[in-house]
Amino acid sequence: MEYFAGIDVSLRSCALCIVDGKGTVLLERELPCEVRDITEWLGTFPHPIERVGFEAGTMSQHLFFGLKAAGFDVVCMEAHQVNAALSAMRNKTDKNDARRIAQVLRTGWFSPVHMKSREAHGVRALLSTRKALLKKTMDLANEVRGLLKIFGIRLPMTVKHGSFDGVVRPLIEMDEVLVHALVPLLDARVVLYEHFWELDRRVKRAASQDEVCMRMMTVPGVGPIASLTFKAAVDDPTRFKRSRIVGAHFGLTPRRYQSGEHDNPGRISKAGDRDVRATLYAAANALLMRTMAGSQIKSQIKSWGGMRLMRTKGRRRAVVAVARKLAVLLHRMWVDGTEFRQDQVGGKA
């Protein structure tokens, strides 16, 4: 008889349920969300556990590698599929969620989630902190703009981040009321902007010291941010059997609804990592702008369909299509160990 353990994970506690191969509930416990407590209870169970499973979440990384190190066969399940199974229950409790997760694990109707390495999560943390500091810097600048309008001071429409303090501070220092209220806001913005630049230098340094990122940056429009974001999200390129799957994995392929006589393609699924999708979109937009400006890669980009779609379907759809091609191209370059070649870009994509 096989035995399966389902865990419903929350921030500080978790519900554990063990079922046998027929679906009979054998053990239910509420435990602290710590690897040591979970392994102790699993170890006291009189039969060997075939598989331990839980849905993807913020604690997945910690629990997955912790239980894996304890010798258990651990599966992290795709959250949307688990939520669909849990929605069939009349009463939603942690205990019932653990039961349903154990049953899903027993039946095998789930998709496992790839658990990224610690190095990949470190890169993502670096990129996230850089993005957060940039956003806070922009928020403070917009706050200053809004407060100055009350006093009749209208700043230019575009002021570069680096010159913002030099433009605004002299205007504020002419009014004692503004000095008393806004100078601390400006000082806080300057500190945030300095830390943002430090993180930006670390990102560029990390990309320049990575062989895979350097190859990816040979593609027009792909810079340090796009290459690091893509590499950290994929983590292991061999987990995709074909490069064409990568575009769908990051939500850049259309949904499809087929039922009887109806067969309607929809908008892109927007599944997967939002940051990867955004950076690929930005890289594709930069690539198309270069093409429209008459660069040397114009004829090759035509083979991607970007210029044709821009004329027939609009700019946004064209950029999404090129972003999907970029995802396929970057993955294939990573797997093959090749650099971007303009004369073969159409065939690669």
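F196 is buried, at a relative accessible area of 7%. The model examined here is predicted. F196 belongs to helix α7, which covers residues 176-208. Beyond its sequence neighbours up to four places away, F196 touches R130, L133 and L134.

L133 is one of the buried residues of helix α5. This helix has 33 residues. From its first C-alpha to its last, α5 reaches 48 Å, close to the 48 Å expected at 1.5 Å a residue. Buried positions in α5 include A120, R124, L126, L127 and R130. Further buried residues of α5 include T137, L140, A141, V144, R145 and L148. G152 follows α5 and has a positive phi, near 80 degrees.

T137 also sits in α5, which is formed by residues 118-150. T137 has 0% relative accessibility and therefore counts as buried, the limit being under 20%. Leaving out residues up to four places away in sequence, T137 touches R189, L192 and Y193.

The strands come next. Five of them form an open sheet in the order β3-β2-β1-β4-β5. The pairing in this sheet is mixed. Strands β3 (25-32) and β5 (74-77) stand at the edges. Each has a single partner strand, so one side of each is left without a neighbour in the sheet. On average, neighbouring strands are turned by 20 degrees against each other, direction ignored.

Strands β1 (residues 3-9) and β2 (residues 13-20) run antiparallel. Seven bridges join them. Within this pair, I7 has L16 in β2 as its bridge partner. In general, strands of a sheet pair through backbone hydrogen bonds, either parallel or antiparallel.

Two helices lie across parts of the sheet. Helix α2 (residues 60-69) lies across β1, β4 (51-55) and β5. Its direction is at about 175 degrees to β4. Helix α3 (residues 79-86) lies across β4 and β5. Here the angle to β4 is about 90 degrees.

Nonpolar packing was examined next. In soluble globular proteins, nonpolar side chains tend to be buried together. The largest nonpolar core of the model has 33 residues. V219, V222, F230, L280 and L326 have the most contacts inside this core. Helices α8 (211-216), α9 (224-234), α11 (274-292), α13 (306-312) and α14 (315-336) each supply at least two of its residues. The largest share, 12 residues, comes from α14. Leaving aside neighbours within four places in sequence, V219 is in contact with L326, L329, L330, M333 and F340. Another core, of 24 residues, lies apart from the largest one. Among the residues of this other core are L31, F45, M59 and F64.

Helix α14 has 22 residues, which should span 32 Å at 1.5 Å a residue. Its end C-alpha atoms are 31 Å apart, which agrees with that span. Just after α14, G337 takes a positive phi of about 70 degrees.

Positive phi values also occur in residues other than glycine. D235 has a positive phi of about 65 degrees although it is not a glycine. D235 is placed in the loop between α9 and α10 (244-249). K270, likewise not a glycine, has a positive phi near 55 degrees. K270 lies in the loop between β7 (262-268) and α11. With a relative accessible area of 58%, K270 is exposed, because the limit for that class is over 50%.

Cysteines were considered last. A disulfide is a covalent bond between the sulfur atoms of two cysteines. The structure holds zero disulfides. For C33, the closest cysteine sulfur is that of C14, at 5.1 Å. C33 is buried, with a relative accessible area of 3%. C213 is also buried, with a relative accessible area of 0%.

Methods: Residues are numbered from 1 along each chain as its sequence is written. Side-chain values use heavy atoms; hydrogens and water are left out. A nonpolar core is a set of buried Ala, Val, Leu, Ile, Met, Phe, Trp, Tyr and Cys residues joined through side-chain atoms within 4.5 Å. Buried means under 20% relative accessible area, exposed over 50%, partly exposed in between (1.4 Å probe, protein chains only). Helices (H or I, at least four residues) and strands (E, at least two) are DSSP runs, numbered from the N terminus. Contact means heavy atoms within 4.5 Å. Two strands pair if DSSP finds at least two bridges between them. Axes are lines fitted to C-alpha atoms, for helices over the stretch in contact, and angles run from 0 to 180 degrees between N-to-C directions. The expected span of a helix is 1.5 Å times one less than its number of residues. A disulfide is a pair of cysteine sulfur atoms within 2.5 Å.
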